[in-house]
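Please look through the following structure with the text beside it.

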Amino acid sequence: MYLVCGGAGYIGSHMCKHLHEAGHEVVVCDDLSTGHAGALLWGTHAYGSIEDTEFLRSLFSRYQFDGVLHFAALSVVAESMREPQRYYRNNVAATLNLLRVMREFEVNKFVFSSTAAVFGEPQARMISEDHPTVPLNPYGLSKLMVEQVLRDSCRAYGLRAVALRYFNAAGADPVARIGEAHDPETHLIPKLVRKALGEDLAVTINGTDYTTEDGTCIRDYVHVDDLAQAHLLALDHLDHAVGMHSFNLGNGTGHSVKQVVEAVQEVTGEGLDISVSGRRAGDPSHLVAASKLARSVLGWAPRYPRIVDVIETAVRWHASPTYAAWMAEPPGSEVSCTNHDAIGAQSNQYRHG
Ligand code: UFG
């Protein structure tokens, strides 16, 4: 049985689907501050925050976890520039809390959602795991800090940990049961897709003066199901590997913002009139993964290497009635998330296939 922290979120909910399909029992811990109740399709939901130590203790007393997968984090670069303390509290302090409770209950397998943002401005065309880590924003630094905590915890307490450094997560469940639903949305692909589907959304190209071929930022877009699959492989890896291991997860192909605009036009058949604005603070010029280690050590093989296939799943999702229903939900952040009685009172059983 695995605990998925942040399992109502975008990547976490795809993880629950993959764990369920692989035959594992799943408990989701989520305070729905950014996640969606509609995403809780697989496993048991315990409503609460990882900042709440007593909530976590009740959870770990109730269930015997074989390991923890941790997705509960804030992840918007620009927001982290404006509100750094919120990012350090949520992404670092709350993770320390979770690790403390794991240690109290002798749960020692941990898979951590890290990010390409730990690297900062790339010094090589393709970024491998040993590339220097000099984050450009508090978001990236908060994730790097946790990686260091994990390294030290593995040495001192015998924790086994994998940090998966996602490049740009994109796409959705191919049959549109779950997907990305942020309000406001900041990410490029969902914004473009929503605009192409007719939403009145302001999308601009953030800077055309980067040192890239067409002057716009290059990113490595990787399908969310491929990311989830890597976590399953990481869990297997931790059955025999001790210590802390970091892996980069990307397709190894870079697409500029302008190329993404073209790809969305190609998939949707809609012309997009996108204007240009200035650079967005904290954006590195290009981030493309060398994921050789994940392929050779974990045996990871992405099933969506082509960006148009990734975008196609996003289009299906954003056009679905499920997506529309999620966006119409009242925001979960209005509900208190610190009442540990909520484990009994508000936990729900979800048993869908
Ligand atoms: N962009 C635009 N216009 C938009 C939105 C985005 O031009 O309306 C650009 C961004 O400036 C960036 C690229 O499109 O150059 C991709 O932006 P996203 O917001 O989709 O994604 P990020 O690259 O900012 O974020 C991703 C991950 C983060 C990670 C970060 C590292 O989501 O977790 O890469 O910089 F930290």
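A polar contact is a pair of N or O atoms within 3.5 Å; within protein, one atom must be able to donate a hydrogen and the other to accept it, and residues adjacent in sequence count only if both atoms are side-chain atoms. By this rule, a polar backbone atom of Asn 206 lies 2.8 Å from an oxygen atom of the ligand. This is a predicted model, in which local features need pLDDT of at least 70 and side-chain atom pairs count only at pLDDT 80 or more, while totals for chains, interfaces and linings use all residues. Residues are numbered from 1 along each chain as its sequence is written, and side-chain values use heavy atoms, with hydrogens and water left out.

Side chains also reach the ligand. An N or O atom in the side chain of Asp 283 is 2.5 Å from an oxygen atom of the ligand, and a polar side-chain atom of Asn 168 is 3.0 Å from a ligand oxygen atom. The protein buries 94% of the 680 Å² that the ligand exposes when taken alone (Shrake-Rupley method, 1.4 Å probe).

The ligand has 21 residues around it (a residue is near if one of its heavy atoms lies within 4 Å). Those that come nearest are Lys 191, Thr 204, Arg 219, Arg 280 and Asp 283. By class, the shell holds eleven nonpolar, six polar and four charged residues (Asp, Glu, Lys and Arg count as charged; Ala, Val, Leu, Ile, Met, Phe, Trp, Tyr, Cys and Pro as nonpolar; the others, Gly among them, as polar). Helix α6 (188-196) and strand β8 (204-206) each supply at least two residues of this shell, and β8 gives the largest share, three residues. Helices (H or I, at least four residues) and strands (E, at least two) are DSSP runs numbered from the N terminus.

Elsewhere, Asn 97 sits in helix α4 (residues 84-104). Asn 97 counts as buried because its relative accessibility is 10% (buried means under 20%, exposed over 50%, partly exposed in between, with a 1.4 Å probe and protein chains only). Leaving aside neighbours within four places in sequence, Asn 97 is in contact with Ile 50, Glu 51, Asp 52, Thr 53 and Leu 56 (heavy atoms within 4.5 Å).

A nonpolar core is a set of buried Ala, Val, Leu, Ile, Met, Phe, Trp, Tyr and Cys residues joined through side-chain atoms within 4.5 Å. In the largest one, of 44 residues, Leu 19, Leu 69, Leu 164 and Leu 249 touch the most other members. Helix α7 (residues 224-240) gives the most to this core, nine residues. Apart from it lies another core, of 29 residues, including Ala 46 and Val 101.
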